[in-house]
Amino acid sequence: MDYRRRYVRDLLASAPGEQVEAFGWVKTRRDSKAVSFVQLSDGSCFKDLQVVIDEGVLDEETLKQLTTGACVGFVGDLVQSPGEGQTVELKATSCTVFGPADASYPMQKKGATLEFLREIAHLRVRGNTFGAVMRVRHRAAWKVHDFFQSRGFKWIHTPIITASDCEGAGAMFAVSTNLEAHGDKYVLKNNDPAADFFGKPSYLTVSGQLNVETQCMGLTNVYTFGPTFRAENSNSARHLAEFWMIEPEMAFCDIVGDMNLAEEFVREIIADCLENCADDLAFFNQRIEPELLKTLHHVVDSEFERMTYTEAVRLLENSGENFEFPTAWGSDLQSEHERWLTETKVGRPVILTDYPKEIKAFYMRQNEDGKTVRAMDVLVPRIGELIGGSQREERLDVLEARIKELGLPLEAYWWYLDLRRYGSAPHSGFGLGFERLVMYLTGMKNIRDVIPFARTPGHAEF
Ligand code: 4AD
Ligand code: MG
């Protein structure tokens, strides 16, 4: 056995008339008079390979083991398929059962709910929905790199453990070697943060931005794509405690250039998936979100609407809608507001800019009005906020003043401030939540269903 063999995907695209091998898991099996049909999947594409087993070809013992969930390898002849839905099928001549699966196999229930499938996240990838999600996720991740590489951006690996709070939002997981679990209690080995592993309090990163900015100030155009962590106790369908973020950072680029990149990026990834994951997206369109293909094509073909936060608040105030949360200049937009703007008002993605500085992070460039910053958020129908970014404050004095004003520890940012002290440059960047993008691409409604193993409050199983 060797990995260099044809996948089901390749077999389905092959001409009939050859003897071939096929490996995979049995999706379904059905028997008619003198013949059994097995649908075989190896996850390489949405379609299964139909294996036809004529009476008498396999011994009774083997045939008995060909049940849903079993892992098997067939040898047989690739022949023209008389049935609908495929051009070729495999006429089996022999079969090896690597791993049988008995009737307790949990993935055989037809019409299992997404909630139930979350409880068997270690097995769900063998079904249609999660196989398709993971193929789309994979393709989009590949395209992220292709997009940046083809534009000369350098790929940076930013640290996962950090001592700085990038967003200043305080939703961080502490990393410590000082804690020991004793039965049902935690015991502190040493109460002194200075005696801890890193000699000071450290955390799982909420964003790679501050680190990637350092690389930008030497390599010009860079990006990071890695896991990020937020201890937000939010049980929403759009938040994870561990999610993947893509963060480009560009020197000699202002907020307009930043918006242009964001728009190009989202459009190009969607166009690529439409072309390369057509079967998977057709499935999502049929079973998960009936408007999916229409929406995705629409986004590829249309320009994103751009408006200021101030303009958005005016529209919300005059909308006549009865929102749960009121809107007033200065307060953060809630998901219901974001969705109204992008779904009801504009009907396509919207980029909001120039937010009040009080509701945005310390590093954003201040506008001349003294009240707003050069922030930009990309909002999309069904999801709300997909991207958050900004032009960065490159002026040392203004940045220092803002850090102090917010009561953040100036010393901790010494190296970040050095970037402004030595050879500072206008620069901009953004962060895109990869799982939100996969939700957008697939129409899946819950973020727990677009990552293999979701980390949310109270859930770290698997
Ligand atoms: O808007 P955020 O907090 O921005 C930053 O972290 C910046 N440092 C990015 C940058 O400019 N380099 O997060 C960026 C995006 C959001 O728009 C959202 O898509 C996603 O990350 N995101 C989450 N995704 C899943 N679960 C969560 N808890 C998320 N929090 C943010
Ligand atoms: Mg944000």
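**Group meeting: a walk through the model and its ligand**

When I say strand or helix, I mean DSSP runs numbered from the N terminus, E of at least two residues for strands, H or I of at least four for helices. And strands count as paired if DSSP finds at least two bridges between them. Here, β9 (residues 179-182) and β10 (residues 185-188) run antiparallel and share four bridges, with Ala 181 facing Tyr 186 of β10.

Quick housekeeping. This is a predicted model, where local features need pLDDT of at least 70 and side-chain atom pairs need 80 or more, while totals for chains, interfaces and linings use all residues. Residues are numbered from 1 along each chain as its sequence is written, chains are lettered from A and ligands numbered from 1 in the order written, and side-chain values use heavy atoms, with hydrogens and water left out.

Now the sheets. Five strands close into a barrel, in the order β1-β2-β3-β5-β4, with mixed pairing. On average, neighbouring strands there are turned by 55 degrees against each other, direction ignored; the axes are lines fitted to C-alpha atoms, and angles run from 0 to 180 degrees between N-to-C directions.

β6 runs parallel to β12 (residues 221-229), joined by two bridges, and Lys 154 sits opposite Val 222 in β12.

On to the ligand. Which strands each supply at least two residues of the shell around ligand 1? Those are β13 (242-251), β17 (384-391) and β18 (427-433), and β17 gives the most, with five. There are 24 residues around ligand 1, and Glu 167, Gln 209, Arg 230, Glu 247 and Glu 385 come nearest; "around" means a heavy atom within 4 Å. The shell divides into nine nonpolar, seven polar and eight charged residues.

For polar contacts, the cut-off is a pair of N or O atoms within 3.5 Å; within protein, one must be able to donate a hydrogen and the other to accept it, and residues adjacent in sequence count only if both atoms are side-chain atoms. A polar side-chain atom of Glu 385 is 2.6 Å from a ligand 1 oxygen. The side chain of Arg 230 puts an N or O atom 2.8 Å from an oxygen of ligand 1, and for Tyr 363 the distance is 3.4 Å, to a ligand nitrogen. Overall, the protein covers 94% of the 630 Å² of accessible area that ligand 1 has on its own, by Shrake-Rupley with a 1.4 Å probe.

Notes:
Nonpolar A, V, L, I, M, F, W, Y, C, P; charged D, E, K, R; others polar.
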